[in-house]
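Me: Can you walk me through this one? I'd like to go residue by residue.
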Amino acid sequence: MKWEQAEHRHDLTTPEGNVFCGLKALAALRGNAPAFGTMADVWTLDTGDDGLLAVGRYAGGQKIIGVFNFTEWEKTVTFPYDGGKFTDMLTGKSYLLRNLHVPAYGFYYLEQRNGE
């Protein structure tokens with residue numbers, strides 16, 4: 001291991017800091033979301049594109065749709081059978097699952113709670 005690089009893990013101006021802090025934020029999301037628990041219902045969603053993976057999870061009144069783009073191109077996907085407004089768990093921005101633009105190598109954790 002290159003220990004001099006590990007020393008930069010808390011500095012957001014470095015690649016090491018961006019990765020480390022990003023992973024900490026994702027871990028915090030998982031710890032506070034019932035749908036990430038081991039007893040959640042889990043399913044895959046058809047994206048119509050081999051470069052996109054979509055996984056749904058549901059527990060405790062919370063639904064999460066994870067959408068992952070494994071390509072070098074921005075992709076657009078529509079899930080016509082999963083309606084309603086979803087909130088990006090990392091940014092708080094609202095999305096509909098129609099014409100969802102997923103950046104190259106990007107992902108979303110989209111959350112919907114009962115009553116939304």
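Me: Where does arginine 57 lie?
Reply: Arginine 57 lies in strand E2, residues 52–59, where a strand is a DSSP run of at least two residues, numbered from the N terminus. This is a predicted model, in which local features need pLDDT of at least 70, side-chain atom pairs count only at pLDDT 80 or more, and totals for chains, interfaces and linings use all residues. Residues are numbered from 1 along each chain as its sequence is written, and side-chain values use heavy atoms, with hydrogens and water left out.

Me: And is arginine 57 buried or exposed?
Reply: Arginine 57 is buried, meaning under 20% relative accessible area with a 1.4 Å probe and protein chains only, whereas over 50% is exposed and in between is partly exposed. Arginine 57 has no salt bridge, which would need a side-chain nitrogen of Lys or Arg within 4 Å of a carboxyl oxygen of Asp or Glu. The nearest side chain of opposite charge, aspartate 41, is 9.3 Å away.

Me: OK, which backbone oxygen lies 2.9 Å from a polar atom of its side chain?
Reply: That is the backbone oxygen of glycine 37.

Me: Switching topic, where does glycine 84 lie?
Reply: Glycine 84 lies in the loop between strand E4 (75–77) and strand E5 (85–88), and it counts as partly exposed because its relative accessibility is 32%.

Me: What is glycine 84 in contact with, leaving aside neighbours within four places in sequence?
Reply: Glycine 84 is in contact with Tyr95, Leu96, Leu97 and Gln112, contact being heavy atoms within 4.5 Å. The C-alpha atoms of glycine 84 and leucine 96 are separated by 6.3 Å, although these residues are twelve apart along the chain.

Notes. Helix = DSSP H or I, 4+ residues; strand = E, 2+ residues; numbered from the N terminus. Lys, Arg positive; Asp, Glu negative; His and termini not counted. Polar contact = N/O pair within 3.5 Å; in protein donor to acceptor, adjacent residues only side chain to side chain.
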